[in-house]
Amino acid sequence: MGEYDEVFRASVADPEKFWLDAAAGIDWHRAPSRALDASRPPFYRWFPDGELNICHNALDRHVDAGRGEQAALIYDSPVTGSQRTYSYAALRDEVATFAGALAGLGVGHGDRVVIYMPMVPEAAVAMLACARIGAVHSVVFGGFAPKELAVRIDDATPKVIVSASCGIEGKRVIEYKPLLDQAIELAAHKPERQVILQRPQAEAAMGERDVDWVRATAAATPAACVPVAATDPLYILYTSGTTGKPKGVVRDCGGYAVALNWSMPNVYAVGTGETIFTASDVGWVVGHSYIVYAPLLAGATSVLYEGKPVGTPDAGQFWRVMAEHGVKSMFTAPTAFRAIKKEDPRGEFTKSYDLSKLRYLFLAGERLDPETYRWASELLGIPVIDHWWQTETGWPIVANPAGIELLPLKPGSPTRPLPGWDVQVLDTAGKPVEAGTDGAIVVKLPMPPGSLPTLWNDDERFLSSYMKAFDGYYLTGDGGRIDSDGYVYVMGRTDDVINVAGHRLSTGGMEEVLAGHPDVAECAVIGVADQMKGQIPRGLVVLKAGVERDEEELRAELVQLVRDQIGAVASLKDVAVVAALPKTRSGKILRKTMRGIADGNADEPVPSTIESVDVLDALRPVLRRE
Ligand code: COA
Ligand code: AMP
């Protein structure tokens, strides 16, 4: 039996002991006497009597242990031509001061703070400052439009919003402040204050409720860490579901701290003093967990990168970052490597940099296609580790646990379930399937620490989205199989969620926007395969009777509508006007069938419940772009 098997078996045989042992890696204000509270399933709570502060664990304890001068965060920004390194002591001081500024604005334990920022170190400072005073942050990705931000403001009802004057997308400067102002205008809930970080690329006009970051911090008294219950919320992170209304995934403090701290050495093979570079955005779960919290909990150094993998200035930036900062493990989405491969197929840029410290490349967020896997493996000559997880789970479910034991790789599989995750595949009746057979991927409850305890203010939706399909199991929303060696294969979402360039989006949300156009009678949005972004959305609209429109003009209006209401990140560029949509006799649109045809599956089965085969046949050339 290998080391992985032993560790996994220990986690399943005695989860109470396994996670209490892992909890010893965290400084507690009051140590937990037990791990799991299972008294109210499926609302499981971890470390119910523990008290801690995650910011203390991420910063102060490393300073107290004499590592104050070690680099905690390296901000590397080719788009602004700047770099800044924060030692643990410096970051602790910045965070304590900003926490004091927030407290001065009336933010306290349990209050919400929305953070709408580009990839600047102040975004991480704001997150950690909230954690320091027991406030709950909710980071909203900068690529979302004002309406999406407004929906999140209304759900989280923040006391304060922290934002910046602008973000930088390649060579473009995107002014954030007008977007924020519009969002607040649209929202029913009005925050008391907005703290604005002025960036020189575009200074924002300040309004009555706006406070300048520099002024707010200059006047602030540094705040101490406030001990909170392990079960208190640390953050709300909104993620796409099947409808336009996002789900507010809640993360607790104690379980998350324990799980992330455990994952750093065991999964990512990064320990104290070593460097991890996670190229994502603080607006996504990958950014929360592996740019901010986990590296700092582990006393490692985290690179926070502002820029794209290609473009400004070139496709060699990831290699430069890894060489300059001595990165041991890198983590990003496969799409980033596809972008690099397109610009520099032979990897010429790697020759300019010393990548000898790089040991592992971790990829997640979308399916890892075999070609990208092969290209990255051959180019770098290190293990390329596909791993699978979700916003809801907070940390990986299935991975090759490099820090415990590197298991043999099977291309196409993110390898095996990590300790704590009892992953199974069920058929539609809820019965476990045979090894190698496709079905719904589920996790047997309880899930390990770090996973979501509920949805913000919406226990009902938590139950209906995840817990009701199969009693006693969490529904991941992904379909796939487990082979006879226990390797998991994730084949894709079984709901209306798509992954565009590693960004999780709801086709249902896009349909709601298209349906709001006065000329549209009905519509469908499907995710179709794309060479660069993995998947892209494709809209199909049926016009209201009697409407005559120039197709190009209407298409431009619809694309703009989605951009305005959801954001550029939705990447909806392709909308076709069609005569009718294929449906079942009960009126359900056959999205999966259309998706299969669009992706070129020659033998895509046509459901026997179809209302009219003629409608589908008429659509085939459009779907296949013939
Ligand atoms: N603020 C404002 N706009 C943003 C934004 C942000 N934070 N992030 C993205 N956008 C905009 C982009 O500028 C683009 O606008 P455009 O349509 O006007 O060109 C649009 O949203 C779509 O963005 P994206 O899908 O990211 O496409 P891209 O061509 O700009 O970049 C990649 C493509 C692959 C290079 C980039 O997505 C990437 O590096 N992804 C991998 C890393 C990652 O972020 N993973 C997330 C989960 S791990
Ligand atoms: P997010 O919540 O944004 O992290 O997106 C989670 C979804 O991304 C999952 O439910 C999967 O559909 C997809 N995903 C993440 N990692 C992988 C992976 N390694 N392989 C296949 N799909 C993945």
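# Close-up views of a predicted model

**Figure 1. Helix H11 is largely enclosed by the rest of the structure, because seven of its nine residues are buried.** The helix spans residues 317-325, and the structure shown here and in the following views is a predicted model. The buried residues of H11 are Gln317, Phe318, Trp319, Arg320, Val321, Met322 and His325. Just after the helix comes glycine 326, whose phi angle is positive, at about 60°.

**Figure 2. Seven strands make an open sheet with mixed pairing.** Read across the sheet, the strands follow the order E5-E4-E17-E16-E18-E19-E20. At the edges stand strand E5 (82-87) and strand E20 (384-386), each of which pairs on one side only. With direction ignored, neighbouring strands of this sheet are turned by 20° against each other on average. In general, the strands of a sheet pair through backbone hydrogen bonds, in either a parallel or an antiparallel arrangement. Strand E16 (residues 275-278) and strand E18 (residues 329-332) run parallel and are joined by three bridges; for isoleucine 276, the bridge partner in E18 is serine 329. Helix H5 (residues 121-132) lies across strand E4 (71-77), E5 and strand E17 (301-305), and it runs at about 30° to E5.

**Figure 3. An open sheet of four strands is paired in the antiparallel sense.** Here the order of the strands is E23-E24-E25-E26. Strand E23 (423-426) and strand E26 (488-493) are at the edges and have a single partner strand each, so one side of each is left without a neighbour in the sheet. From one strand to the next, the twist averages 50°. Five bridges connect strand E25 (residues 473-482) with E26 in the antiparallel sense, and the bridge partner of isoleucine 482 in E26 is valine 488.

**Figure 4. The buried residues of helix H1 line one face of the helix, because they fall within an arc of 60° when seen down its axis.** Helix H1 covers residues 3-13, and its buried residues are Tyr4, Phe8 and Ser11. Seen down the axis of H1, these residues share one face, whereas Arg9 and Ala13, on the other side of the helix, are exposed. The cover over the buried residues of H1 includes helix H2 (15-23) and strand E22 (416-417).

**Figure 5. Serine 165 is a buried residue in a loop between two strands.** The loop that holds serine 165 lies between strand E8 (160-164) and strand E9 (166-169). The relative accessibility of serine 165 is 1%, and the residue therefore counts as buried. A polar atom of its side chain lies 2.8 Å from the backbone nitrogen of arginine 199, and the side chain of serine 165 also reaches the backbone oxygen of alanine 202, at 2.7 Å. When its neighbours within four places in sequence are left aside, the residues in contact with serine 165 include Ile174, Tyr176, Ile196, Leu197, Arg199, Ala202 and Ala204.

**Figure 6. Ligand 1 is surrounded by 25 residues.** The closest of these residues are Glu169, Arg172, Lys308, Lys533 and Arg563. An N or O atom in the side chain of arginine 172 is 2.9 Å from an oxygen atom of ligand 1, while a nitrogen atom of the ligand is 3.2 Å from an N or O atom in the side chain of tyrosine 176. A polar backbone atom of valine 569 is found 3.4 Å from an oxygen atom of ligand 1.

**Figure 7. Ligand 2 has 15 residues around it.** Of these, Asp386, His387, Thr391, Asp478 and Arg504 come nearest. A polar backbone atom of histidine 387 is 2.7 Å from a nitrogen atom of ligand 2, and a backbone N or O atom of glutamate 366 lies 3.4 Å from a nitrogen atom of the ligand. In the side chain of asparagine 499, an N or O atom is 3.1 Å from an oxygen atom of ligand 2.

**Figure 8. Proline 605 is an exposed residue in a loop between two helices.** The loop lies between helix H17 (591-598) and helix H18 (613-623). Proline 605 has a relative accessible area of 55% and is exposed. Proline 605 and alanine 618 are 13 residues apart along the chain, and their C-alpha atoms are separated by 16 Å.

Conventions
Residues are numbered from 1 along each chain as its sequence is written. Chains are lettered from A and ligands numbered from 1 in the order in which they are written. This is a predicted model: local features need pLDDT of at least 70, side-chain atom pairs count only at pLDDT 80 or more; totals for chains, interfaces and linings use all residues. Side-chain values use heavy atoms; hydrogens and water are left out. Buried means under 20% relative accessible area, exposed over 50%, partly exposed in between (1.4 Å probe, protein chains only). The arc is that of the directions from the helix axis to the C-beta atoms. Contact means heavy atoms within 4.5 Å. Two strands pair if DSSP finds at least two bridges between them. Axes are lines fitted to C-alpha atoms, for helices over the stretch in contact, and angles run from 0 to 180 degrees between N-to-C directions. A polar contact is a pair of N or O atoms within 3.5 Å; within protein, one must be able to donate a hydrogen and the other to accept it, and residues adjacent in sequence count only if both atoms are side-chain atoms. A residue is near a molecule or strand if one of its heavy atoms lies within 4 Å of it.
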